[in-house]
Number of protein chains: 2
Amino acid sequence: MSLNILVTNDDGLSAPGIRALVEVAQEFGQVYVVAPDSPQSGQGHAITLEHPLRLKEQRIFGPNIPAYACSGTPVDCVKLAKHVLLKNEDIDLCVSGINHGSNASINIIYSGTMSAAMEASVEGIPSIGFSLLDYSIEADFSAAKIYARKIIKQVLEQGLKETLLLNVNIPKLPADAIKGIKVCHQAEGHWAEDFLENTDPMGRTYYWLTGKFTLAKEDENADVCALENGYVSVVPSMHDLTAYPALNHLKFLEEV
Amino acid sequence: MSLNILVTNDDGLSAPGIRALVEVAQEFGQVYVVAPDSPQSGQGHAITLEHPLRLKEQRIFGPNIPAYACSGTPVDCVKLAKHVLLKNEDIDLCVSGINHGSNASINIIYSGTMSAAMEASVEGIPSIGFSLLDYSIEADFSAAKIYARKIIKQVLEQGLKETLLLNVNIPKLPADAIKGIKVCHQAEGHWAEDFLENTDPMGRTYYWLTGKFTLAKEDENADVCALENGYVSVVPSMHDLTAYPALNHLKFLEEV
């Protein structure tokens, strides 16, 4: 029986990265695509509560691949796929991306691509987010496709524990320069934000977010370092944010 | 020396819940408020990349409490507070809320209130998000204030490990009916989404998100159950989403 595979992203239905992922995913089953109708980078886990959502069918990946542009966020796309478009079908796998740009380290929490994958995991759908460390619209996805294929194949064969999602990042290198796959933890780091501050034509101050990613420490088992060393990084991630090691330490709060 | 305390939320600067939290926070130090200029529920960890941001000073909490309405998301508010308004000061604590409505269980990932607290933790600022299980604009925050005061006091006295944030939910009960505080893990659950489907005046179909929260299982150590049993729930949470127990199991991915 054919598998049902949902493909989504945050760069929008027309991004080259999602086309690359559709091409790989269709080797494994029936693909359905629901992706934003405009770029939604940095949308994190936002959902649309205040407005209605629309879906527009656009068979841009061929006659046999139902594809929809959604007016909402990446997380809205997954919700609509699961609860409207495919409400009578099982979704066996959700793949999100291939993102134009890194989602390693703390970027996972800002990323619409990874939040879509996380939403699928909340729904009990095994899910993988893929990102290539190249922001360019003309990025070369050929190596990323090779590794996406390997990882999807393994996940489908071996299974992925429900509630887990994989955060896969691929270095900007030709396939033969990539050293392999490394299973990593999320690097501790943050954006040293820098706001561009300026004045608009009406004389009012405005601030525009920019910034530089800053790693807290070098750690070869962290995703950022694996990528710097030429590996594809895979971070098993989860939507249970509980800091389990802290549960006992905080018992003092129960005494007050 | 006085502590600097940042107060934010996702319901907006004019919400009764943030006023309640400002009243408690000012007992512990110099309060600064940066909150959205309009409700931002469900914004998750969204950041604003495509537009400039604006801040408007509004001393609505009294002459000694600098307060700003921000045109962006809750996470933008924390970034602007840290990197623009208070760039030359230490922020000793960030408190977010008091949210009108629960952020227990999986709601933590959709919540702008909790994402603001998480952003503070990414910046190394101890942070606590508070939510009252009452969506009403006329909600009674008196019991919530009592518990916010107790928890802030303890956290300031005992310290909070950097990278941790606390997700505090308060049941909709009079103070004398609350049984105490329980340190919990995040309940496994999800929204059984239901989209209201309808047709607009132009004859086009639209979908509007609604839904019902569904608990995966009863577990007295999970936040949802503690709340049902009349306790204030405190979940120590973190922005490192790595599923550490899965790291070894997934080593098979390195073999391909």
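This is a predicted model: local features need pLDDT of at least 70, side-chain atom pairs count only at pLDDT 80 or more; totals for chains, interfaces and linings use all residues.
Biologist: At what angle do the axes of α1(A) and α5(A) cross?

Modeller: Two packed helices are described by the angle and the distance between their axes. Here the axes of α1 (residues 16-25) of chain A and α5(A) cross at roughly 45° and come within 10 Å. The two helices are therefore oblique to each other (under 35 degrees is roughly parallel, over 145 roughly antiparallel, 65 to 115 roughly perpendicular, the rest oblique). Axes are lines fitted to C-alpha atoms, for helices over the stretch in contact, with angles from 0 to 180 degrees between N-to-C directions. A20(A), L21(A), E23(A) and V24(A) of α1(A) meet K145(A), A148(A), R149(A) and I152(A) of α5(A), with contact meaning heavy atoms within 4.5 Å.

Biologist: And what is the order of the strands in the open sheet of chain A?

Modeller: Strands of a sheet pair through backbone hydrogen bonds, parallel or antiparallel. In chain A, 9 strands follow the order β3-β4-β2-β1-β5-β6-β7-β11-β8, with mixed pairing. Strands β3 (55-57) and β8 (180-183) of chain A each have a single partner, so one side of each lacks a neighbour in the sheet. Helices (H or I, at least four residues) and strands (E, at least two) are DSSP runs numbered from the N terminus, and two strands pair if DSSP finds at least two bridges between them. One such pair, β2 (residues 29-36) and β4 (residues 67-70) of chain A, is parallel over 4 bridges, and V33(A) stands opposite A67(A) there. Helix α5 (residues 142-158) of chain A runs at about 165° to β6(A).

Biologist: Where does UniProt place the "binding site"?

Modeller: An unreviewed UniProt entry puts the "binding site" at D10(A), D11(A), S41(A) and N99(A). They span 90 residues in sequence, yet no two of their C-alpha atoms are more than 9.2 Å apart, so they gather at one spot. UniProt positions follow the numbering used here, feature names are shortened, and annotations may be inferred rather than shown by experiment. D10(A) sits in the loop between β1 and α1 of chain A.

Methods:
Residues are numbered from 1 along each chain as its sequence is written. Chains are lettered from A and ligands numbered from 1 in the order in which they are written. Side-chain values use heavy atoms; hydrogens and water are left out.
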